[in-house]
Structure formats: structure tokens, C-alpha cells
Amino acid sequence: MTTTSLAEALGLALLARGWRVTAAESCTGGGIASAITDIPGSSAWFDMAFVTYSNAAKQQLVGVQAAVLVQHGAVSEVVARQMAEGALTAAGADLAVAVSGIAGPSGGSADKPVGMVCFAWATSAGTEAETRHFSGDRASVRLQTVQHALAGLLARCAPYQDEHLA
């Protein structure tokens with residue numbers, strides 16, 4: 001699916017569920033929020049997002065603990081979880097996604113190579129996290145990250161939509 005078709009499907013699923021979504025973004029720098037707000041009528045299911053590119057922003061805007069950043073680094077599932085949970089609370093949303101990664105072309109290491117992105121999706125029922133490794137240049141890694149984030153949001157809405165619209 002394209003970014004636009006993912007965002008459109010997400011909007012329909014959120015409307016069907018009566019949910020609002022938010023995002024806490026690091027390596028995508030607002031790309032997820034941009035994809036969502038490219039869809040006409042998105043104000044019915046989207047209110048705010050957080051671009052938390054620096055560690056200070058992660059702490060200040062979405063409540064990531066300084067000790068967690070020191071122990072695990074910004075690109076970690078633990079930080080992505082705290083970002084998603086903090087965004088969910090701060091936005092008063094029903095569903096949140098968070099991304100933190102290394103888009104490149106530099107900044108990678110043996111443990112955390114360029115293309116590594118940590119994701120987390122949060123609802124009031126809990127938080128799920130995963131790490132993906134994308135290939136390509138900076139723009140490609142960021143695009144793949146936005147698309148995977150949207151697909152993950154959609155997956156967390158679609159089961160409800162299928163159950164209640166069938």
C-alpha cells in the first residue's frame with residue numbers, strides 16, 4: 001500500500017472505532033503526522049503529535065525518563081514504549097505510535113546500524129514494541145518507517161472495524 005492509501009484506510013478505521021490517534025516521532029521528524037493530515041477530514045481523528053528529535057524533547061514532551069535514555073539509548077524499544085505511552089497520555093488519544101531510529105547516512109554503530117528503527121504502539125490496553133531494519137538511503141528509511149508505523153496503527157484498528165462492520 002502507498003502512504004496515502006494506508007493513511008486513508010487508517011482514517012476510516014479510526015472513524016469506525018470512534019478513536020483519535022497521535023504520534024511521537026524522532027527519525028521521521030513529523031512524517032507520520034504529515035501523512036495523516038494529508039487526508040481530508042483528518043481533524044475528526046487526529047488532534048496533535050510530537051516531534052521529539054532530541055533526547056531533551058523526548059523527556060520534556062512525552063515523559064521519557066533520563067535514566068532510560070542513558071541506559072538504553074534513544075534508539076531502543078524501551079524508549080519507543082515510553083514515547084508512545086507519553087504521547088497517548090499527553091494527547092488524550094486512544095491510539096499512539098512512536099518511532100526512534102537511525103535514518104542515516106551516518107550515526108549508526110555495530111549494535112545499532114543505519115536503518116534500525118524502534119516502533120511502539122500504545123492503547124489503554126497496553127503497549128507493543130518491535131525493531132525493524134530498513135535498507136536504502138535516508139529518505140527511503142524514513143518513508144519505510146512512516147509506512148510501517150501507519151500499517152501498525154491500521155492493524156490495531158482493523159480487527160474492530162471488521163468485527164463491527166461485517
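Predicted model: local features only at pLDDT ≥ 70, side-chain atom pairs only at ≥ 80, totals over all residues.

Buried here is under 20% relative accessible area, exposed is over 50%, and partly exposed lies in between (1.4 Å probe, protein chains only). Residues are numbered from 1 along each chain as its sequence is written, and side-chain values use heavy atoms, with hydrogens and water left out.

Thr28 sits in the loop between β1 (21-25) and α2 (31-37); helices (H or I, at least four residues) and strands (E, at least two) are DSSP runs, numbered from the N terminus. Setting aside neighbours within four places in sequence, I find Thr28 in contact (heavy atoms within 4.5 Å) with Val99, Arg142, Thr145 and Val146.

Next I went to α1. Its buried residues are Thr3, Leu6, Ala7, Leu10, Gly11, Ala13 and Leu14. Residues three or four places apart point the same way because an α-helix has 3.6 residues a turn. After α1 comes Gly18, with a positive phi near 75°.

Last, the cysteines. How many disulfides are there? I get zero, taking a disulfide as a pair of cysteine sulfur atoms within 2.5 Å. For Cys27 the closest cysteine sulfur is in Cys118, 9.2 Å away, so too far for a bond. Cys27 is buried at 4% relative accessible area, and Cys157 is buried at 0%.
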